[in-house]
Amino acid sequence: GSLLSFGLQVPMMEVDQLHLMISKANVVPWDEFIAAILLLACFVGFLYCFYNLVLGFLSEFEATILNLSLQTCPLLAVMAQKILMGGDGVKSISQSSFFVSL
């Protein structure tokens, strides 16, 4: 899955950004360029780990538990924001309604 995502989808959907990134490789300082490549590599690594963890989870438990846990995660994030950060105001309400609607 991650090879398909990184090997086919990214080059097809982000071809303009890839050309821009490669063309600016000589202009952008090397530390920023290497940081961008490392971030992309970390994303691929975490995506690979997520796929493997889901496979292991589904071999042990039912898919219903996985779906429920993935769907309640945004709601739990909103509750944690309210408790830990005291989310007051209109901005907090709009963010909460967005995450609850997910």
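Does M85 count as buried, partly exposed or exposed, and at what relative accessibility? The legends below take up this question together with the wider setting of the residue.

**View 1. Overall fold of the predicted model.** The structure shown is a predicted model. The protein contains 5 helices and 0 strands, and from the N terminus on its elements follow the order α-α-α-α-α. Of its 102 residues, 13% count as buried. The protein exposes about 8300 Å², of which carbon and sulfur atoms supply 73%.

**View 2. Confidence along the chain.** The average pLDDT of the protein is 75, and 75% of the residues score at least 70. Confidence is highest in helix α3 (residues 30-60), with a mean of 85. Helix α5 (residues 90-101) has the lowest confidence, with a mean of 58.

View 3. M85 belongs to helix α4, which spans residues 63-85. The relative accessibility of M85 is 70%, and the residue therefore counts as exposed, since the exposed class begins over 50%. Together with L75, L76, M79, I83 and L84, M85 forms a nonpolar patch on the surface. The accessible area of these residues together is about 710 Å².

**View 4. Cysteines C42 and C49.** C42 has a relative accessibility of 42% and so counts as partly exposed. For C49 the value is 40%, and C49 therefore also counts as partly exposed. The structure holds 0 disulfides.

Terms used
Residues are numbered from 1 along each chain as its sequence is written. This is a predicted model: local features need pLDDT of at least 70, side-chain atom pairs count only at pLDDT 80 or more; totals for chains, interfaces and linings use all residues. Side-chain values use heavy atoms; hydrogens and water are left out. A disulfide is a pair of cysteine sulfur atoms within 2.5 Å. Buried means under 20% relative accessible area, exposed over 50%, partly exposed in between (1.4 Å probe, protein chains only). Patches are made of residues with over 30% relative accessible area and no salt bridge: like charges are joined within 9 Å, nonpolar side chains (Val, Leu, Ile, Met, Phe, Trp, Tyr) within 5 Å. Accessible areas come from the Shrake-Rupley method with a 1.4 Å probe; for residues, only the protein chains shown count as cover. A salt bridge is a side-chain nitrogen of Lys or Arg within 4 Å of a carboxyl oxygen of Asp or Glu. Helices (H or I, at least four residues) and strands (E, at least two) are DSSP runs, numbered from the N terminus. pLDDT is the predictor's confidence in each residue, from 0 to 100.
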